[in-house]
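This report describes selected packing and surface features of a single model. The sequence and structure are shown first, and the description follows.

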Amino acid sequence: MAGGLRRRVPWLPWRYTAADYRAAVLRCAQPPLSPLVSTPTETPWESALATALAELGVRVEEESELELLLSDLTWGS
């Protein structure tokens, strides 16, 4: 989805790097995460993300990261 969106709309990734993904997998390990439903595709903003997705092979739902994402928006206020 992100790749398709990136081809149509200029955007900057936010918490969408290999390091972010790996950290989210560690935070969300319980209960077990669901497997990816397809093969990871190229991630032009950071090639290491596609590699991490292929290596770990699990989905991290945005809802499970909501507290972290909201903390980014309230930082400094």
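In this predicted model, the largest nonpolar core consists of 9 residues: Ala 2, Ala 18, Tyr 21, Val 25, Trp 45, Leu 49, Ala 52, Leu 53 and Val 58. Two or more of these residues come from each of helices α2 and α3 (47-56). Leu 49, a member of the core, is in contact with Tyr 16, Thr 17, Ala 18, Tyr 21 and Thr 43, when its neighbours within four places in sequence are left aside.

A search of the whole structure for aromatic pairs returns 1. The partners are Tyr 16 and Trp 45, whose rings are stacked at 5.3 Å centre to centre, with 15 degrees between the planes. Because Tyr 16 lies in the loop between α1 and α2 and Trp 45 in the loop between α2 and α3, the pair ties together parts that are 29 residues apart in sequence.

Also in the loop between α1 (2-8) and α2 (18-27) is Arg 15. Although Arg 15 is not a glycine, its phi is positive, at about 55 degrees.

On the surface, Trp 14, Leu 66, Leu 70 and Leu 73 form a nonpolar patch, and together they have about 430 Å² of accessible area. Of these residues, Leu 70 lies in helix α4 (residues 66-74).

| Residue | Relative accessibility | Class |
|---|---|---|
| Leu 70 | 43% | partly exposed |
| Tyr 16 | 37% | partly exposed |
| Arg 15 | 34% | partly exposed |
| Trp 45 | 18% | buried |

Trp 45 counts as buried because its relative accessible area of 18% is under 20%.

Technical notes:
Residues numbered from 1 in each chain as written. Predicted model: local features only at pLDDT ≥ 70, side-chain atom pairs only at ≥ 80, totals over all residues. Heavy atoms only, no water. Patch = residues over 30% accessible without salt bridge, like charges linked within 9 Å, V, L, I, M, F, W, Y side chains within 5 Å. Areas by Shrake-Rupley, 256 points an atom, 1.4 Å probe, with all protein chains shown as cover. Salt bridge = Lys/Arg side-chain N within 4 Å of Asp/Glu carboxyl O. Helix = DSSP H or I, 4+ residues; strand = E, 2+ residues; numbered from the N terminus. Buried < 20%, exposed > 50% of the residue type's maximum accessible area, 1.4 Å probe, protein only. Core = buried A, V, L, I, M, F, W, Y, C linked by side-chain atoms within 4.5 Å. Contact = heavy atoms within 4.5 Å. Phe/Tyr/Trp six-rings, centres within 6.5 Å; stacked < 30°, edge-to-face > 60°.
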